[in-house]
Amino acid sequence: MDARRGVFADFTQATAVLTRIPIGEAVPEPGSIAAGAWSFPLVGAGVGGIAALVLVLAEIIGLGSIPAALLAVLAGIAITGALHEDGLADTADGFGGGKDRAQKLAIMRDSRLGTYGACALAASFMLRWSALASLGDPGPSAIALMAAHASARASLPAFLLFVPPARSDGLSAGAGRPPPSIAIAAALLGVLVLFLSFGARGALICFLLLCAAGAGMGWLSTREIGGQTGDVAGALEQVNENVILLAAAVLLKT
C-alpha cells in the first residue's frame, strides 16, 4: 500500500471503483487504483455484509430462504451497479462471438447484450441464488456471502499483475499493474476471510479453487485477446463469486 496516500484514501478509491457508493476521487489519478488494490477484499467484505444484512432481514420478516437469497444477490448487484456482471456479459459475448482478436475486443466494447452474454448472466445469477438458497439457515448464508464477495475480489490484483493488459487504453490499462506487495496483501486478506469463514481445510479448498479460476481465466484471455481488460477482470470476479458460493453450499452443510 502507498503510505503517501494513506490506507483510508486507498479504501475510498477502491470503493468508488468497485461500487456505486459516492466516495473517493471522481477521476482517479494514474496508478491510484493499482496502489489501492490491496483493499479490494475489504470493499468486497462490505458489499457482502450489506447483502448478508438484506438476507437476514428478509428471513426475519418470514420471506423464507429462497426469496431471501434472491434479494441478497440483487442487493449485491445494486451496490456494485452490476459492474462485474457487465464485465462477464461483455467477455462472454466477445470470446464467444468474435472471430479474431480485433473483433473480440470490438464486441467487448459494444454496450449491446448478445446471446453468449445473456446466457452467462443467467447462469451466474441462478448459480449464486441456488447456492445461497440451498444453505437455508441465514447464519451460514451470511458467512458465505461475505466470504464470496471478499475473496472474489482478493485475487484480482494478482490477476492484473501477472496477466498484461490487452489494450493500451481502457479501465484496466489506466488502473496500472499492482506491485507484488499489493497483490500479496490482497491475497492474504482474502485467505484470512476464507479461514475465518470455513476453517483451515475449507480455506485451503477455496484458495486452490480461486487459483485454478484465475489461472484458467488468464490462459483463456491471453489466448483470445492477448491479455486482460477490465471486462475480463469483472468476469473473473463473477467466476470467483460463484466458485466460493458453490463451495460454501458444500462446506457449510457438512
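Which pattern does the protein chain follow when read along the sequence? The chain follows α-α-α-α-α-α-α-α-α-α-α-α, with 12 helices and zero strands, where helices (H or I, at least four residues) and strands (E, at least two) are DSSP runs numbered from the N terminus. This is a predicted model, in which local features need pLDDT of at least 70 and side-chain atom pairs count only at pLDDT 80 or more, whereas totals for chains, interfaces and linings use all residues. Residues are numbered from 1 along each chain as its sequence is written, and side-chain values use heavy atoms, with hydrogens and water left out.

**Overall dimensions and burial**

- The protein chain has a radius of gyration of 17 Å, which agrees with the value near 18 Å that a compact globule of 254 residues would have; the radius is taken over C-alpha atoms, and the globule rule is 2.2 Å times the number of residues to the power 0.38.
- Taken along the principal axes, the box filled by the C-alpha atoms of the protein chain is roughly 50 × 45 × 35 Å.
- Of the 254 residues in the protein chain, 47% are buried, where buried means under 20% relative accessible area, exposed means over 50%, and partly exposed lies in between (1.4 Å probe, protein chains only).
- Among contacts in the protein chain with a separation of 6 or more, 75% are accounted for by residues 24 or more positions apart, contact meaning heavy atoms within 4.5 Å.

**Helix H5 against H12**

- Helix H5 (residues 83-97) packs with helix H12 (residues 230-251) at an angle of about 110°, their axes being 7 Å apart; axes are lines fitted to C-alpha atoms, for helices over the stretch in contact, and angles run from 0 to 180 degrees between N-to-C directions.
- That angle makes H5 roughly perpendicular to H12, because angles of 65 to 115 degrees count as roughly perpendicular, those under 35 as roughly parallel, those over 145 as roughly antiparallel and the rest as oblique.
- H5 passes H12 in a left-handed crossing, a term used if the near helix is turned anticlockwise from the far one by less than a right angle, with right-handed used if clockwise.
- On the H5 side the contact involves His84, Glu85, Asp86, Gly87, Leu88, Asp90, Thr91 and Phe95, which meet Asp231, Val232, Gly234, Ala235, Glu237 and Gln238 in H12.
- The residues of this contact of H5 with H12 divide into four nonpolar, five polar and five charged, where Ala, Val, Leu, Ile, Met, Phe, Trp, Tyr, Cys and Pro count as nonpolar, Asp, Glu, Lys and Arg as charged, and the others, Gly among them, as polar.

- The crossing of H5 and H6 is right-handed, and in it Asp90, Thr91, Asp93, Gly94, Phe95 and Gly97 of H5 meet Gln103, Lys104, Ile107 and Met108 of H6.
- By class, this contact of H5 with H6 has three nonpolar, four polar and three charged residues.
- Lys104 of H6 counts as buried, at 8% relative accessibility, and, not counting residues up to four places away in sequence, Lys104 touches Gly94, Phe95, Gly98, Glu224 and Ile225.

- Helix H8 (residues 138-154) and H11 pack at an angle of about 120°, with their axes 8 Å apart, which makes H8 oblique to H11.
- H8 passes H11 in a left-handed crossing, and the contact is made by Ile143, Met146, Ala147, Ala150, Ser151 and Ala154 of H8 together with Ala186, Ala187, Gly190, Val193, Leu194, Ser197, Phe198 and Leu210 of H11.
- The contact of H8 with H11 has 11 nonpolar, three polar and no charged residues.

**Arg20**

- Arg20 lies in the loop between helix H1 (7-18) and helix H2 (32-35) and is exposed, with a relative accessible area of 62%.
- Not counting residues up to four places away in sequence, Arg20 touches Ala78, Ile79, Thr80 and Gly81.
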